[in-house]
Amino acid sequence: MTAQAQPQDTIDAFHLLIEALKLNDIDTIYTLPGIPITDLTRISQAEGMRVIAFRHEQNAGNAAAAAGFLTQKPGICLTVSAPGFLNGLTALANATTNCFPMILISGSSEREIVDLQQGDYEEMVQLAIAKPHCKAAYRVLHAEDIGVGIARAIRTAVSGRPGGVYLDLPAKLFTQTLEAQAGRQSLIKVVDPAPRQIPAPDAVQRAIGLLKSAKRPLVLLGKGAAYARADAQIREFIEKTGIPYLPMSMAKGLLPDTHAQSASAARSYVLAEADVVMLVGARLNWLLSHGKGKTWGGASAKDAGKQKFIQVDISPVEADSNVAIAAPVVGDIGSCMSALLDGVRSGWSKPPADWTGAIAERKDKNLTKMAETLAKDPSPMNFHSALNVIREAVKARPDMMVVNEGANTLDFARSIVDMYEPRRRLDAGTWGIMGIGMGYSIAAAVTTGKPVIAIEGDSAFGFSGMEVETICRYNLPVCVIVFNNNGVYKGTDVNPRGGDVAPTVFVKDARYEMMMQAFGGVGVRAATPAELRRALDEAVTSGKPTLINAIIDETAGTESGRITSLNPSAAKKKTA
């Protein structure tokens with residue numbers, strides 16, 4: 001059907017859905033139009049919602065997930081049925097893993113045909129497929145239930161540990177109508193969807209007692225701490241106690257990376273040597289070696305170190321998932337940190353000087369070494385010399401958004417590019433996946449209005465690179481910097497049998513910047529730090545969609561970056 005004016009005394013499901021979203025202060029939809037949602041996208045725009053249309057549903061879903069993280073409201077991804085739904089499902093699963101609130105709304109085929117497997121257009125049992133990959137999955141069959149469906153999806157997405165929700169809307173639903181007043185009365189304004197969860201007083205006292213006993217305490221901040229927006233409480237707690245802290249990559253900026261108590265430049269030392277570690281919105285998953293092994297001073301990969309852990313988390317089942325948690329503090333992070341802060345306001349002794357002094361000594365040594373490396377000007381550029389340009393740009397504009405993905409590009413940027421403000425960095429997250437770059441960048445630009453720098457490995461860029469057209473279409477202030485070293489990890493692999501190129505090698509000297517030029521944006525090839533600096537400064541100043549093709553030494557980089565140990569072939573080589 002085409003969008004048509006409806007009678008004054010009735011309201012159809014298209015408009016009920018839109019009004020349900022607007023009633024709950026959701027004003028943006030990330031989508032790719034098609035059957036059966038094309039008219040829904042048109043009507044949404046006509047009713048004042050912002051509709052950002054992508055070239056691939058996975059990228060739209062990634063944008064919705066990032067928007068959820070940045071706004072604490074569920075990002076909305078709208079897709080067509082079957083293949084479009086599956087494309088969006090990848091982003092939904094990733095959002096749930098990352099604890100980003102998101103709602104994937106997909107049109108679907110008719111139940112009576114799908115349930116008898118009679119071969120409908122894009123037939124698929126989408127609800128059943130979605131359930132294992134998100135917090136919850138719901139289906140709305142009747143227009144009068146749209147308000148309940150949206151309310152349940154919103155509350156589920158943001159309450160407790162945030163995550164993804166799937167909402168299934170069969171095509172027949174959209175043409176249903178209700179009497180206008182009854183329809184609007186069926187809508188629900190969700191009240192307090194993510195209520196505070198106050199930690200138990202005895203849990204707080206147990207944690208404080210353990211911290212007081214520590215000789216080598218450490219606070220470890222995860223992206224859950226950034227999402228919680230408890231910035232003031234976290235900073236006051238750290239500064240009041242004097243405890244060194246270590247941010248995970250998306251928690252960078254909760255306190256400036258240049259803060260005196262930051263232990264990032266002594267990461268290996270503090271993880272192995274700390275005796276009490278307080279996790280704040282961080283999980284002991286693979287990114288932290290499951291709390292075991294040499295990272296934590298353990299004798300072997302399966303042995304835990306001697307640390308005792310405090311875990312501040314909204315989920316009670318997170319504790320003990322890999323190692324024993326001596327003091328779980330369960331509640332929303334803002335309430336937990338406020339309670340902990342109250343407990344250290346008087347009679348608190350700063351950590352021993354031998355601990356903080358040892359950290360400072362290692363920090364100074366490592367930062368000096370890093371400064372020497374960044375001062376070099378190799379030709380062609382390597383990761384360090386190119387990232388140093390971005391480091392300087394972010395220091396000059398700390399409010400800019402940084403999106404980062406790749407292998408070496410991610411690993412080096414995480415340690416080189418300092419962040420100064422919270423929630424200014426988005427990256428590959430818990431799964432460590434590729435393909436989030438353009439979706440996250442678009443969401444960052446749409447939700448914040450700030451300049452965005454997307455730091456992309458050339459392999460990672462390939463997953464979502466066509467969205468540069470979307471960036472140009474909406475004239476977003478995104479500067480994509482492709483670190484071009486001619487391949488996955490590096491561009492030097494050779495097929496020992498001749499013939500086809502090696503599987504990790506790309507077209508040599510690819511002109512990525514021409515992709516942006518093709519859609520009316522600015523494309524620049526930069527072979528030196530000076531050229532990169534000039535192009536980046538112009539992009540930030542102008543706000544124009546820009547792609548900088550940064551030429552990197554093709555021998556730079558290591559296989560799988562810093563997670564080479566996870567590569568089975570690498571493990572095999574070690575035992576050979």
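Predicted model: local features only at pLDDT ≥ 70, side-chain atom pairs only at ≥ 80, totals over all residues.
Trainee: At what angle do helix α1 and helix α2 pack?

Mentor: Start with the two axes and the angle between them. Helix α1, residues 13–23, packs against helix α2, residues 38–46, at about 55°, and the axes are 10 Å apart. Angles of 65 to 115 degrees count as roughly perpendicular and those under 35 as roughly parallel, so α1 is oblique to α2. The crossing of this pair is right-handed.

Trainee: Which residues in α1 and α2 meet?

Mentor: From α1 come F14, H15, L17 and I18; from α2 come D39, L40, I43 and S44. Sorted by class, this contact has five nonpolar residues, two polar and one charged.

Trainee: In what order do the strands of the open sheet lie?

Mentor: The six strands follow the order β15-β14-β16-β17-β19-β18, with parallel pairing. At the edges are β15 (425–427) and β18 (522–526); each has a single partner strand, so one of its sides has no neighbour in the sheet. Ignoring direction, neighbouring strands are turned by 15° against each other on average.

Trainee: How many bridges join β14 to β16?

Mentor: Look at the pair residue by residue. Strand β14 (residues 401–405) and strand β16 (residues 452–457) run parallel and are joined by five bridges. Within this pair, E405 stands opposite E456 in β16.

Trainee: Which strands does helix α17 lie across?

Mentor: Helix α17, residues 437–448, lies across β14, β15, β16 and β17 (478–484). Its direction is at about 175° to β16.

Notes: Residues numbered from 1 in each chain as written. Heavy atoms only, no water. Axes fitted to C-alpha atoms, helices over the stretch in contact; angles between N-to-C directions. Helix = DSSP H or I, 4+ residues; strand = E, 2+ residues; numbered from the N terminus. Parallel < 35°, antiparallel > 145°, perpendicular 65-115°, else oblique. Left-handed = near helix turned anticlockwise from the far one by under 90°. Contact = heavy atoms within 4.5 Å. Nonpolar A, V, L, I, M, F, W, Y, C, P; charged D, E, K, R; others polar. Pairing = 2+ DSSP bridges.
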